[in-house]
Amino acid sequence: MATVRSISRGLAPIEPIGATLVVFAAKDGETAEDGDGEHSPFAQSFIRRVQEPGLEINRLFRLVTGDVLKATARKQRPFVYGSLPGEED
């Protein structure tokens, strides 16, 4: 009897618990582009944006999303799952 395996593309679904953010370079069902340079559009934007002083984490990923959408002609949309509480740790 032959063994049959089902293989799908991408990562398994994630449901973060508590104060957790999980960020993907592309939304579910999409493929992240490699880009033409040393880094992918997502990595290139993240490296640049994470160095901006005082940038709040949610704002950081909104800016990264905008950068990636622009760099990929809206073909790739990063996605953030989870949430962070408003109070200080």
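Colleague: Which elements each supply at least two residues of the lining of the second largest pocket?

Modeller: In this predicted model, they are α1 (41–49) and α2 (57–71), both called helices because they are DSSP runs of H or I with at least four residues. Residues are numbered from 1 along each chain, local features need pLDDT of at least 70, side-chain atom pairs need 80 or more, and totals for chains, interfaces and linings use all residues. Side-chain values use heavy atoms, leaving out hydrogens and water.

Colleague: What makes this a pocket, and how much space lies in it?

Modeller: A pocket is an open set of points on a 1 Å grid over the protein atoms alone, where a 1.4 Å probe fits, with protein on both sides within 12 Å along at least five of seven lines. About 230 Å³ of space lies in the second largest pocket. Its lining has 15 residues, and the closest to its centre are Ser40, Pro41, Gln44, Asp67 and Ala71; a lining residue has an atom within 4 Å of a point.

Colleague: Why is alanine 73 called exposed?

Modeller: Exposed means over 50% relative accessible area, and alanine 73 has 56%, so it counts as exposed. Alanine 73 is found in the loop between α2 and β2, and it has a positive phi of about 50°.

Colleague: What of arginine 74: is it buried or exposed?

Modeller: Arginine 74, in that loop between α2 and β2, has 60% relative accessibility and therefore also counts as exposed. Its phi is positive too, near 65°. Most residues other than glycine have a negative phi.

How values were computed. Points joined across faces, edges and corners; volume = space filled by probe spheres on them. Buried < 20%, exposed > 50% of the residue type's maximum accessible area, 1.4 Å probe, protein only.
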